[in-house]
Amino acid sequence: MTAHSIPIGGIDLASTFGTLASLTGDPTVRLQQGLFERATVTPDGSATIPVSWHTDQPDARVEAHGDGADWLLERAPQLLGCRDDVTGFEPTTPPLRDLWRRHCGDRIPRTGTLWHDLAWLIVQQRVSRVDAAEQWRRLVNDLGAPAPAIPSLMAPPEPTTVARLGYHHFHRYGIERRRADNLLHAARAAVRFQTLVDGDVDAVMPALRSVRGIGAWTASCVATQTWGDRDAVIVGDSGIPSIVAWLLARERRADDHRLLELLEQYRPHRYRVIRLAFASGIKPPRRHHRARRIDIRQR
């Protein structure tokens, strides 16, 4: 085990890590008061990174365990949001101005764990968050391995493990052929692209978008999570345009075109505005019913 002390200044780690722990029951991550733990896969093997902190102290304690411990520790400051530059983000009108005053400690984490992020996101493609959480839990618990030093967590399966499987294997988790094929293509691509995670996101995106199953939504989410891109706009999402439009313009419904229009003035911090929109908890009135859940395992 190796441990570091990392200065965090005014960073709100609970808020910063929130997006990484957004699936209920995710076996790869745990977030509670003063503690964040994540089991993941690195180019050097599986590893676990626990981060602990106290609100009245200027530093966070970061440990790492497993074969990929050094890899994670080297990138720990970016995971904690210490490399996220908020310079120039100074909204002057409500409600964004007031939201930023309340959440000015929020930072965008950069994980660098491309395969983990891709698999986590592909499982969420075109299904409800409830279904995705359940399917991700089944997949990781079946194919993953106990996390180094924290066996109550599970590390995701290695991409080479997933790449060897057939699409039908994923039916047992409730994942239909389309997402299963996307997982298989992503697993093969992740091995090639993992070495690029420390580079510029714009240089990687065209090649990543060429991989079958990595469309606009998945690619933009990966840009925000793996690369910590502060200016990425998540497109292709059924809810984000209307949430942002309701917050910024009190418009009940919006599409990606309108989303991009509203966010244009906030370059290079467009993703930061999206995070604040979610932090606000404000949503436009709903006019539709939830889609009926379908369990593919019963077919």
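A crossing of two helices is termed right-handed if the near helix is turned clockwise from the far one by less than a right angle, and left-handed if the turn is anticlockwise. In the predicted model described here, helix 5 passes helix 8 in a crossing of the right-handed kind.

Two packed helices are described by the angle between their axes and the distance between the axes. For helix 5 (residues 114-123) and helix 8 (residues 177-193), the axes come within 9 Å and cross at roughly 165°. Helix 5 is therefore roughly antiparallel to helix 8, since angles over 145 degrees are placed in that category. On the side of helix 5, the contact is formed by L114, W115, L118, A119, I122 and V123. Their counterparts in helix 8 are R179, N182, L183, A186, A187, A190 and F193. Sorted by class, the residues in this contact comprise eleven nonpolar, one polar and one charged.

Helix 11 contributes I240, I243, V244, L247 and L248 to the contact, and helix 13 contributes V273, I274, A277, F278 and S280. Nine nonpolar residues and one polar residue make up the contact of helix 11 with helix 13, and no charged residues take part.

Aromatic side chains were examined next. A pair of aromatic rings is described by the distance of the centres and the angle of the planes. The count comes to four aromatic pairs. In one of these, the rings of F17 and W53 have centres 6.0 Å apart and planes at 55°, so the pair is classed as tilted. This pair links distant parts of the chain, with F17 in helix 1 (residues 13-17) and W53 in strand 4 (residues 45-53), 36 residues apart. Both F17 and W53 are buried. In another pair, the ring centres of F89 and W100 are 5.0 Å apart and the planes stand at 85°, so the geometry is edge-to-face. F89 lies in the loop between helix 3 (76-79) and helix 4 (96-102), whereas W100 belongs to helix 4, so the pair ties together parts that are eleven residues apart in sequence. F89 and W100 are likewise buried. Ring pairs also join F17, F36 and W53 into a cluster.

Several backbone features occur in loops. The peptide bond from P94 to P95 is cis, with omega near 5°, and P95 is located in the loop between helix 3 and helix 4. A cis peptide bond is also present from R267 to P268, where omega is near 0°. P268 is found in the loop between helix 12 (256-263) and helix 13.

Positive phi values are seen in residues other than glycine. For R126, phi is near 60°; this residue lies in the loop between helix 5 and helix 6 (129-143). R126 is exposed, with a relative accessible area of 75%. For A149, phi is near 70°, and A149 is situated in the loop between strand 6 (145-147) and strand 7 (150-155). With a relative accessible area of 55%, A149 is exposed, the cut-off for this class being over 50%.

How values were computed:
Residues numbered from 1 in each chain as written. Predicted model: local features only at pLDDT ≥ 70, side-chain atom pairs only at ≥ 80, totals over all residues. Heavy atoms only, no water. Axes fitted to C-alpha atoms, helices over the stretch in contact; angles between N-to-C directions. Helix = DSSP H or I, 4+ residues; strand = E, 2+ residues; numbered from the N terminus. Parallel < 35°, antiparallel > 145°, perpendicular 65-115°, else oblique. Contact = heavy atoms within 4.5 Å. Nonpolar A, V, L, I, M, F, W, Y, C, P; charged D, E, K, R; others polar. Phe/Tyr/Trp six-rings, centres within 6.5 Å; stacked < 30°, edge-to-face > 60°. Buried < 20%, exposed > 50% of the residue type's maximum accessible area, 1.4 Å probe, protein only.
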